[in-house]
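Try each task before reading its solution.

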Amino acid sequence: MADYIYAMETRFTPDQQKAVALITDVARAHEMNIYLTGGALRDLITGFPIRDIDLTVQGNPLKLQKDLEKAGASVAGVEEDTRTIHLLLAGNVRAELSMARSEVYDKPGKTPKIEPSTINDDLRRRDFTVNAMALSLNPGSKGLLADPFNGVADAELKVLRVLHNYAFYEEPSRLLRAARFAARFHWPLEERTQARYDSAKEGNYIDSIHRDAVGYELEQVAREDNPIEIVRAMEKEGWLKVLHPHWSVSKLESPELTQLLKVKQQMVDFGISVDASPAVMYFMTKKLGDKDISDIQKAIPRKDFVHAWKHLEDGAKDLAKRLASKEANTVSGTWKLLTNASPEALLFLAVTGRQAPVQEKIKNFFGKWRQVREKLPFPEMAELLITPQLPEYPKIADEAFLMLLDGKLRSHTDIVKFLKPYAPPPPPPPPPPPAKRGRKAAPVAGKAPVAPGEPGKRGRKPKVAEGTPVAAPAPAVVAAAAKVAPVVAAKAPAKAAPVAVKAPEVKKPAAKHEPAKKVAAKAAPPKKAAHKPAPKKAPPAKKPVKPPAKKKKK
């Protein structure tokens with residue numbers, strides 16, 4: 001199953017995600033089930049740009065109005081009959097929060113009877129299958145898609161299919177919507193839908209269209225990404241005269257519209273969120289008479305849209321006046337002014353402005369001044385440990401950028417002088433190395449050091465070469481041994497210290513009545529006599545040789 005929640009996190013802008021989270025939290029606080037529906041879900045699945053957020057709750061959304069305003073949302077309009085709230089949230093995000101409802105039409109084009117209902121009934125009242133889907137945002141079923149009319153399959157096939165046979169008969173405005181969607185998505189009508197469309201067109205179902213539906217379609221044309229193409233497609237189908245009898249493609253200010261859409265895309269690429277629809281409507285109706293323009297404005301139900309359309313020129317004039325004042329004497333001052341200005345006023349002034357200095361500043365704002373940012377961060381910032389991890393880093397970078405615009409940071413010396421006060425202190429020195437293991441313990445008071453080879457010393461026993469004289473024990477050792485010997489002898493026989501020449505083993509333990517000196521003498525190892533060379537034996541005395549006896553003469 002597709003992970004639609006992951007798609008929302010990747011396809012929605014950060015401002016749109018915050019808007020959905022805000023509205024969802026408020027609805028859940030009132031224990032209302034809430035769903036992502038309509039065009040937002042369709043564009044999420046098909047990959048088209050997501051313009052508006054459509055949400056539906058099972059309950060009365062008008063009860064949420066005060067809490068939404070407290071949370072930071074601005075209410076742009078309220079439709080009492082359908083219980084729909086039009087919201088404007090941070091980042092110029094538009095959202096529509098409506099009630100899940102059922103609609104019953106008594107006559108074509110008339111206002112239907114509306115009753116609160118479930119989300120499934122709400123999907124059955126919609127126009128096309130690709131718009132009749134709902135994505136749950138509730139904790140128990142978050143991410144579950146309700147698609148009773150198989151809209152996902154039609155989105156993959158890239159076709160437009162109505163839900164039932166009476167779709168165009170009950171609501172003739174769906175004829176205009178079908179032409180608009182086909183031109184926007186470049187999708188054909190499904191075969192049976194096309195047959196019903198042609199039949200409705202021949203039967204003049206459009207004559208029964210409601211006035212509010214006309215105003216809604218007028219606004220939606222202005223919100224299209226390519227309104228010129230949409231207007232041409234609707235004129236080809238004969239629907240442009242339905243929107244207004246004096247309206248035609250020839251009445252459009254096509255060059256200004258083309259320039260407007262170009263600047264709008266440039267602002268979007270720079271991360272500036274702008275609503276271009278009031279300016280689009282201004283140029284689409286500029287060649288119409290004042291009475292025709294007034295009639296169109298009266299037909300549009302969203303009065304906030306009409307208000308923005310009417311005050312475009314005033315906003316642009318005020319911005320041009322500020323750009324020519326002392327407030328914009330410096331480059332940094334001009335940058336701050338244009339950054340904080342209304343995006344809609346800036347867009348309209350960029351297309352309609354006639355003052356050369358003002359237009360030059362706007363051109364630089366979108367052009368070479370932004371290239372100055374490429375010099376940041378400075379290499380000196382890394383040398384001074386001024387990194388993005390510092391909390392004040394954005395402030396430092398913005399101030400450095402403004403100083404670059406004014407030409408105040410031209411050399412290495414200037415940059416270091418500016419950055420040095422912001423440099424964090426150097427890191428502390430490393431801790432000393434840990435103490436080595438196996439240090440000799442300090443001698444304990446009252447105890448004599450034990451010589452190597454003596455009892456009580458752990459470790460390998462040193463070897464004593466044969467013939468090496470052994471030193472006599474110290475008197476303190478002998479005295480201590482004399483005190484301890486009776487106790488040791490009572491518990492266990494003491495081990496004799498290893499010596500080169502084995503002393504005769506003492507088999508009998510010392511008697512208890514013997515004096516301590518004798519016991520100490522026995523316990524102490526015997527002294528080894530110094531080895532003296534044996535005296536050379538005198539050679540044996542030679543026996544006197546007796547002279548041979550003289551033979552007697554006979």
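Contact means heavy atoms within 4.5 Å. Helices (H or I, at least four residues) and strands (E, at least two) are DSSP runs, numbered from the N terminus. Buried means under 20% relative accessible area, exposed over 50%, and partly exposed in between (1.4 Å probe, protein chains only).

This is a predicted model, where local features need pLDDT of at least 70, side-chain atom pairs count only at pLDDT 80 or more, and totals for chains, interfaces and linings use all residues. Residues are numbered from 1 along each chain as its sequence is written, and side-chain values use heavy atoms, with hydrogens and water left out.

**Exercise 1.** Find which residues of α9 are buried, and what they pack against.

*Solution.* Start with the buried residues of α9: Thr 193, Tyr 197 and Ala 200. Looking down the axis of α9, these fall within an arc of 65° (from the directions of the C-beta atoms off the helix axis), so they line one face of the helix. Next, look at their partners: the buried residues pack against α7 (167–170), α8 (173–185) and α11 (227–237). Finally, turn to the face away from the buried side, which carries the exposed Glu 191, Arg 192 and Glu 202.

**Exercise 2.** Work out which residues touch the most other members of the largest nonpolar core.

*Solution.* A nonpolar core is a set of buried Ala, Val, Leu, Ile, Met, Phe, Trp, Tyr and Cys residues joined through side-chain atoms within 4.5 Å. Among the 95 residues of the largest one, Leu 243, Met 284 and Phe 378 touch the most other members. Helix α23 (residues 393–405) gives this core its largest share, 8 residues.
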